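Student: I've got a structure open and would like to go through it with you, piece by piece. Can we do it as questions and answers?

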Amino acid sequence: MRRRHSLLVRLLVMCVAIATCSIAATAWIASISTSSAIQHRYTSNLSSDSLILDRLVGFAATHKTWAGVDPTVMSLAKRTGREITLATSEGGLLASSAVEPTVPTDGTPSAVVNPLAVATGGDTSSSDGIDLRAVGPFELTAGEKRYLRSVAEHVVSCLTGGQPSTLPTSKVSYAPPPAVGSVESAPVEAPVSVTGGVGASGANSDATGEPTSGTGSPSGSGELQVSTLPNGRSALSEDIMSKGSSCGSAALRRATATELRASKQLVRLINTCLSTKPDSPYVLVGSNAIDNKGGLIGLEDPSWLSDQIATAAAVEPRLSECVETARREQLTPYVAPPAQLYISDAAPTAAKAGITRQGLWRIALAAAAILALTIAVCAFAATRLVRPLRALTTAAGRVGAGDRSARVRPPRGGEIGELGVAFNRMAAELGEAETRRKDMVSDVAHELRTPLGNIRGWLEAVQDGLAEPDPELIASLLEESGLLQHVIEDLQDLALADAGKLVFHPELVDVSAFVVQAVGAHRVEAADRGVTIEIDCPAPVEISTDPNRLHQILNNLVSNAVRYTPAGGTVIVRAWVGAGAVRIEVSDTGVGISAEDLPKVFSRFWRAERSRGRAGGGSGLGLAITRHLVEAQGGTITVRSEVGVGSVFAVRLPDRA
């Protein structure tokens, strides 16, 4: 309990609490700031790296070589803040944004730029991993693009309320559908739908690989828009195509001369691949696709080929493999060769000075919270500490002004509680000391007034001739002066004891001899009172002590016992050696002392029966002096008493011989 309420413990707990909150807030700010910075950096780098890779793949898909890629690399480096290096598969430098262009020799490439092998699932990738922007021989001529654009705009205009007009004519010659050739088929578990087109929906790209919008709406409608496929073909959504059949939308499905030539080339490459797989159940005859039912799909619809790649793999992987192989073989001469891409942080630059506004707000809020918590904790601790101190200060002021009854209510436990208890004890002792001082002054005056009054009265009587200075009067005056001298000597002994100046001259003495001497000095008085005195000292009891002080101790104890023992009573004085010390007991069969008066026995001028003390001639200082004499020699004195039975005073003096 004391440790828990200790002022030191409470102050330490308060400091630890404040420090913990400060550390926690600092750690929280650092963690949040670091996590935010790392997350921002990671997201930024991931987005930047994806952008760089996509733009370079787009460049490679639309260029046969890497010549002219430097502007694209520099533009991307400036935009993303990253250092970009492009190298050949053999490690030759193609382009770099670094001040001193070099190809890293100790690092792994961040990615391989190859438009014919990209991750599937992206906006610019097909299911076979070929970038949609790699169209190669399927790129339309300018005339074909203009014609298809005009057809798409005509369909849009027709569907948005315009009057049907003559479908635009094209100067582009179209090859008729090829003749049906022989068909070879083998039964399979499920039919294959060979549909689809050359290229998929997408957007054109500029020289840097940036996508450009290929949509437009002559009527301003936001719903009917013309899309531009990667090979330059204008296209409409399937829903618009079906609705626009009356407006000539079927013209958009017919292949151009460029697409027919490229498709025929692709079919030849597929057949070459299939020829190496004699057990394949599918064969492309001429420039047409034949399904397992013998149906003919003409190449006048350019959408059939890419759909074939998506659907055929589920039924016949060998056909899909040949289509993918043929496509890559056909596109290879039209795309840049694979290159290794290295992306790293740009060269370190001077850090941006200052802290962000968000960081400043976070720090300010955390500092305010810590300050508020510190003020609250300190105010609480200070209040708990100052309140009892103020009470102590007020009480001390009252005690200093003479009010010895001032007390405080100390808190439970701790140093402040101990201080309050000590103050109350001090105030109580001061009050008792003040009371004892007043009583002592009154008692000393009373003790001195009686003999002095007797002496003065008789002297005045002799002076006035009322009494004769006979021997009896002189003896009476001498007895009164002796009593006065005894009181003065006792007061002197008490003064020396209080000042710690009692002088001792120890020597080896026999305690039993001093017991006999003290008893003999009081036998006459005891006989006059009808009290019997007995001695119980079976053997000599030797001790090193001051003989005068020992005589004074025994004389005070025996005198006190005889004085308060009624006629017929007995006083027994014992002395023996036990446990390395000399023990002396003076017991009587006197009136006894009540339990509430026992603590006052050794107080100055205290008497069990004040009315009888004066008659007996005692000063009331004997027991107080005896206690000082015993304790000054390292001993102890105790008393046991019972009213009507008697008292026992026990002295223990250590043997210092």
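This is a predicted model: local features need pLDDT of at least 70, side-chain atom pairs count only at pLDDT 80 or more; totals for chains, interfaces and linings use all residues.

**Sheets, a disulfide and some buried residues**

Tutor: Happy to. Residues are numbered from 1 along each chain as its sequence is written, and side-chain values use heavy atoms, with hydrogens and water left out.

Student: Okay, the inventory then: how many helices and strands are there in the protein?

Tutor: Helices (H or I, at least four residues) and strands (E, at least two) are DSSP runs, numbered from the N terminus. On that basis the protein has 15 helices and 18 strands.

Student: What share of the residues counts as buried?

Tutor: Buried means under 20% relative accessible area, exposed means over 50%, and partly exposed is in between (1.4 Å probe, protein chains only). Of the 657 residues, the buried share is 38%.

Student: And how much of the contact count comes from residues 24 or more positions apart?

Tutor: A contact here means heavy atoms within 4.5 Å. Taking contacts with a separation of 6 or more, the part from residues 24 or more positions apart is 69%.

Student: Now the five-stranded open sheet: why is one side of β13 and of β17 left without a neighbour?

Tutor: The order is β13-β15-β16-β18-β17, and the pairing is mixed. β13 (532-536) and β17 (636-642) stand at the edges, so each has a single partner strand.

Student: In that sheet, what is the bridge partner of Ser587 in β18?

Tutor: Strands β16 (residues 581-588) and β18 (residues 646-654) run antiparallel and are joined by seven bridges. Within β18, Ser587 has as its bridge partner Val648.

Student: How many disulfides does the structure hold, and which cysteines form a disulfide?

Tutor: The criterion is a pair of cysteine sulfur atoms within 2.5 Å. The structure holds one disulfide. Its sulfur atoms are 2.0 Å apart, and they belong to Cys158 and Cys247.

Student: Is that disulfide of Cys158 and Cys247 left-handed or right-handed, and why?

Tutor: The torsion about the S-S bond of Cys158 and Cys247 is about -60 degrees, so the disulfide is left-handed. Cys158 lies in helix α3 (residues 142-159) and Cys247 in the loop between α4 (238-243) and α5 (257-275), so the pair ties together parts 89 residues apart in sequence. Cys158 and Cys247 are both buried. To repeat the handedness you asked for: left-handed.

Student: How many aromatic pairs are there, and which one is edge-to-face?

Tutor: Rings of Phe, Tyr and Trp (its six-membered ring) pair if their centres lie within 6.5 Å; planes under 30 degrees apart count as stacked, over 60 as edge-to-face and the rest as tilted. The count is two: Phe59 and Trp66 are stacked, 5.9 Å centre to centre with 15 degrees between the planes. The edge-to-face pair, at 6.2 Å and 90 degrees, is Phe602 and Phe649.

Student: Where in the chain do Phe602 and Phe649 lie?

Tutor: Both are buried. They are 47 residues apart, so to speak of their places: Phe602 is in the loop between β16 and α14 (610-616), and Phe649 is in strand β18.

Student: Which residues does Gly420 touch, leaving out those up to four places away in sequence?

Tutor: Gly420 lies in helix α9 (residues 414-463) and is buried, with a relative accessible area of 2%. Its contacts are Leu392, Val408 and Pro410.

Student: Last one: how far apart are the C-alpha atoms of Asp490 and Gly622?

Tutor: Asp490 is in helix α10 (residues 471-498) and is buried, at 7% relative accessible area. Gly622 is 132 residues away along the chain, yet the C-alpha separation is 7.4 Å.

Notes: Two strands pair if DSSP finds at least two bridges between them.
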